[in-house]
Amino acid sequence: MRVRIIDIEAGKTIAMLNERTAKDLGLFPLDRVRISHKDAREIHAPVDITDSMVKKNEIGLFKDVARMLNIKKKSMVNVSLCPKPNSVISIKKKLDGKKLSFQEMREIVADISSNHLSEIELAAFMSAVYINGFDLDETVSMTKALIEDGEKIGFEEKPIVDKHSVGGTNGRTTMVIVPIIAAAGYLMPKTSSRSITSAAGTADSMEVLAP
């Protein structure tokens, strides 16, 4: 399909199809499509249907989605129907109050980081966890899944220690604890936030003392 770039940054991966194109392909709103470009970049996106913003046999992409695919206007992309991820089944399972395995948790995390889940499915997962909670095994599984999915830095020096808190509830804990632990000779890599849970995050406060 030929790409029409829509001059809007939506902050979400959405593909817009003309209603005649969608009908020809048997697609309905919130169905998923796989969009790939010649340089092997690929995204999954839910479908939104319009009768005016894109023409037949065009696919409309918001500016941020086009940037993700590294494509220009009027470029050609491959579009194919994409089935729902297996993680959607796991989300329904959690909504029913059942326990999730490590493999199910890993699939959910991978699909979230790859933008393979819609906002509705993400909201369903958060609601399921809020309503039913995680037991200890699920908490460990989620933690391991997040670690596996993210980029990691390897340090040769051992032991490596860490401190983490929810922030915004007890002042500047990091600024007190980290120097004490580091002064005791332990390796303590630390990242700190800016203005997330309060008007000044740990990094902001530290810069007041050490510009």
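**Around helix H3**

Just after H3, Gly-97 takes a positive phi of about 85°, where helices (H or I, at least four residues) and strands (E, at least two) are DSSP runs numbered from the N terminus. This is a predicted model, in which local features need pLDDT of at least 70 and side-chain atom pairs count only at pLDDT 80 or more, while totals for chains, interfaces and linings use all residues. Residues are numbered from 1 along each chain as its sequence is written, and side-chain values use heavy atoms, with hydrogens and water left out.

Helix H3 itself covers residues 87-95, and Ser-87, Val-88, Ser-90, Ile-91 and Lys-94 are buried there; buried means under 20% relative accessible area, exposed over 50%, and partly exposed in between (1.4 Å probe, protein chains only). Seen down the axis of H3, these buried residues fall within an arc of 155°, so they line one face of the helix, the arc being that of the directions from the helix axis to the C-beta atoms. On the other side of H3, Ile-89 and Lys-92 are exposed. The buried residues of H3 pack against strand E3 (32-36) and against the helices H4 (102-113), H5 (119-132) and H6 (136-149), where contact means heavy atoms within 4.5 Å.

In helix H8 (residues 202-209), Thr-202, Ala-203, Asp-204 and Ser-205 are buried, and the buried residues of H8 pack against helix H7 (173-183). Helix H7 holds Thr-174, which counts as buried at 10% relative accessibility. Leaving aside neighbours within four places in sequence, Thr-174 is in contact with residues including Lys-190, Ser-192 and Thr-202.
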